[in-house]
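Hi everyone, thanks for making time for this. I'd like to walk you through one structure, so please have a look at the sequence and the model before I start.

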Amino acid sequence: GFGALILWGISLVKKQVALKNGALKRTLIAGILLGIHFFLFFGAIKLTTIANATFLGTLAPLFTFFIEKYILKRNHAPGLLFGLGFAIFGAIIIIGNRFDFSSSYTIGNLLAVACSVFLGMAFIISENVRKEVDTISYSRTLFSSAAVTLFVISFFTGSALTGFSSGEFGGLLLLGIIPTLLGHGTMYFALRYVSPTVVAATPMGEPILASILAWFLFQEEAGVATLIGGSITFMGLFLLARQK
């Protein structure tokens, strides 16, 4: 919601072209899928470990790849396949020793996988729209649709939307600026130029950045698995970035 408000505010200063007809309908659908993705991911974190949710919640490139190859009938260069394989293999090494297969986490794990499916579908739909409209015009409508979707879900689940401290709302504002506008926003910008599979794979770099930040902020040393897996994932992402 904060992300959408900021983009609508920017639109008051810098005029944006409004979405029309098919582009508007597809963007609203993509926003609903994105809202469900957020709901499933944060629901998964409640019901499984962070390691499980982080890994399973970033499998969107697998689903976008299969959609592109078997439904959209696209042929991918070998470099993309190698890059995707390296990125996933590195992520498995990073998470491997912390992944918990306990049956008590089954529902949470399934929610995390489902959130990847919904994000992958949102990327596939977004690719077509982004070829027609600008990033801000698209993102402001997308985030608004996602926010409304989450509002409806919160109504039916009885989730509280008020009563939080100013500090907590400040944290939500930062989440709206950094991971939403700068994170998701740059991914939707990139969709105009590269394959959804390439874009969907970029969040696999999150564990690498998180380890670096943890080292600087909390003096947490990165384990050998993180160093090796992170290097392999980074190499995979580099191969993916070179595709176009």
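**A nonpolar patch, a buried serine and some salt bridges**

Let's begin on the surface, where Phe2, Leu5, Phe164, Phe169, Leu172, Leu173, Leu174, Leu175, Ile177, Ile178 and Leu182 form a nonpolar patch with about 980 Å² of accessible area together. Do keep in mind that this is a predicted model. Which helices supply at least two residues each of that patch? They are helix H1, residues 2-13, and helix H8, residues 166-190. H8 gives the largest share, with eight residues. Phe169 is found in H8, and its relative accessible area of 33% makes Phe169 partly exposed.

Now let's go inside. Ser126 sits in helix H6, which covers residues 106-130. Is Ser126 buried or exposed? Ser126 has 0% relative accessibility, so it counts as buried. Its side chain makes a polar contact with the side chain of Tyr138, at 2.3 Å. If we leave aside neighbours within four places in sequence, the residues in contact with Ser126 are Ala30, Tyr138, Tyr188 and Leu191.

Two of those names come back when we turn to the rings: Tyr138 and Tyr188 belong to one aromatic cluster with Phe123 and Phe143. How many aromatic pairs does the structure hold? There are nine. Let me show you two of them. Phe41 and Phe42 form an edge-to-face pair, with 5.4 Å from centre to centre and 75° between the planes. Phe42 counts as exposed, at 52% relative accessibility. For Phe65 and Phe66, the ring centres are 5.6 Å apart and the planes stand at 70°, so this pair is edge-to-face. Here Phe65 is buried at 11% relative accessibility, while Phe66 is partly exposed with a relative accessible area of 44%.

On to the charges. A search of the whole structure finds four salt bridges. One of them joins Glu132 and Arg26, where the closest N and O atoms are 3.0 Å apart. That pair links distant parts of the chain, 106 residues apart: Glu132 is in the loop between H6 and helix H7 (135-157), and Arg26 is in helix H2, residues 21-47. Arg26 is partly exposed, with a relative accessible area of 27%.

Next, Arg74 and Glu68 form a salt bridge, with 2.7 Å between the closest N and O atoms.

Then we have Arg192 and Asp134, whose side chains meet in a salt bridge at 3.6 Å, N to O. Why does this pair tie together parts that are 58 residues apart in sequence? Because Arg192 lies in the loop between H8 and helix H9 (196-201), whereas Asp134 lies in the loop between H6 and H7. Both partners are partly exposed: Arg192 has a relative accessible area of 30%, and Asp134 has 41%.

One last thing on the charges: salt bridges that share partners join Glu68, Arg74 and Glu127 into one network.

Terms used. Residues are numbered from 1 along each chain as its sequence is written. This is a predicted model: local features need pLDDT of at least 70, side-chain atom pairs count only at pLDDT 80 or more; totals for chains, interfaces and linings use all residues. Side-chain values use heavy atoms; hydrogens and water are left out. Patches are made of residues with over 30% relative accessible area and no salt bridge: like charges are joined within 9 Å, nonpolar side chains (Val, Leu, Ile, Met, Phe, Trp, Tyr) within 5 Å. Accessible areas come from the Shrake-Rupley method with a 1.4 Å probe; for residues, only the protein chains shown count as cover. Helices (H or I, at least four residues) and strands (E, at least two) are DSSP runs, numbered from the N terminus. Buried means under 20% relative accessible area, exposed over 50%, partly exposed in between (1.4 Å probe, protein chains only). A polar contact is a pair of N or O atoms within 3.5 Å; within protein, one must be able to donate a hydrogen and the other to accept it, and residues adjacent in sequence count only if both atoms are side-chain atoms. Contact means heavy atoms within 4.5 Å. Rings of Phe, Tyr and Trp (its six-membered ring) pair if their centres lie within 6.5 Å; planes under 30 degrees apart count as stacked, over 60 as edge-to-face and the rest as tilted.
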